[in-house]
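Hi,

Here's the structure I said I'd pass on. Have a look at it first, and then read my notes below.

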Amino acid sequence: MDDVLQKVEELKVLVAELQALDRRRVDMGDRLVDLEYFFRKAGCPELSQQALDAFMVTYAGRVLELADGMRG
């Protein structure tokens, strides 16, 4: 029974870590969107595209990859 209680605690800690990681990931996505908007309005299309690419490939791409993995 001690093993089960130990694993329950391990699960709680891991879930808390994942929630914190998810919040950080969302914050980073928001920052990328803000930067893309800033650069677009500032007339810097290359920098705007760089921020958009980072969002779409690295951020959104990973989210879609994870979602696809959950289906299978």
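Predicted model: local features only at pLDDT ≥ 70, side-chain atom pairs only at ≥ 80, totals over all residues.

**What I found**

Residues are numbered from 1 along each chain as its sequence is written, and side-chain values use heavy atoms, with hydrogens and water left out.

Met1 sits in the segment before α1, the helix that runs over 2–41. (Helices here are DSSP runs of H or I with at least four residues, strands are runs of E with at least two, and the numbering goes from the N terminus.) Together with Val4, Leu5 and Val8, Met1 makes a nonpolar surface patch of about 410 Å². A patch takes residues with over 30% relative accessible area and no salt bridge, joining like charges within 9 Å and nonpolar side chains (Val, Leu, Ile, Met, Phe, Trp, Tyr) within 5 Å. The areas come from the Shrake-Rupley method with a 1.4 Å probe, and for residues only the protein chains shown count as cover.

**Charged pairs**

How many salt bridges does the structure hold? There are two, counting a side-chain nitrogen of Lys or Arg within 4 Å of a carboxyl oxygen of Asp or Glu. As background, side chains of opposite charge can pair when their charged atoms come close.

One of them joins Glu10 to Lys7, with the closest N and O atoms 3.2 Å apart. Both residues lie in helix α1, three residues apart, which is about one turn of the helix. Glu10 is partly exposed, because its relative accessibility is 46%, while Lys7 has 53% and so is exposed.

In the other, the side chains of Glu36 and Arg40 meet at 3.0 Å, N to O. This pair is in helix α1 as well, four residues apart, again about one turn. Is Glu36 buried or exposed? Glu36 has a relative accessible area of 13%, so it is buried. Arg40, at 45%, counts as partly exposed.

**Aromatic pair**

There's one aromatic pair too: Phe38 and Phe39, edge-to-face, at 5.6 Å centre to centre with 70° between the planes. Rings of Phe, Tyr and Trp (its six-membered ring) pair if their centres lie within 6.5 Å; planes under 30 degrees apart are stacked, over 60 edge-to-face, and the rest tilted. Phe38 is exposed, because its relative accessible area is 52%.

**Between the helices**

- Val26 and Tyr59: 33 residues apart in sequence, 9.0 Å in space. Val26 is in helix α1 and, at 35%, partly exposed.
- Arg31 and Phe55: 24 residues apart in sequence, 9.4 Å in space. Arg31 is also in α1 and counts as exposed at 56%.
- Met56 and Leu32: 24 residues apart in sequence, 9.8 Å in space. Met56 lies in helix α2 and is partly exposed at 48%.

**The largest pocket**

Finally, the largest pocket holds about 270 Å³ of space. Points are joined across faces, edges and corners, and the volume is the space filled by probe spheres set on them.

Cheers

Methods. Buried < 20%, exposed > 50% of the residue type's maximum accessible area, 1.4 Å probe, protein only. 1 Å grid on protein atoms, 1.4 Å probe; cavity = no way out; pocket = protein on both sides within 12 Å on 5 of 7 lines; lining within 4 Å.
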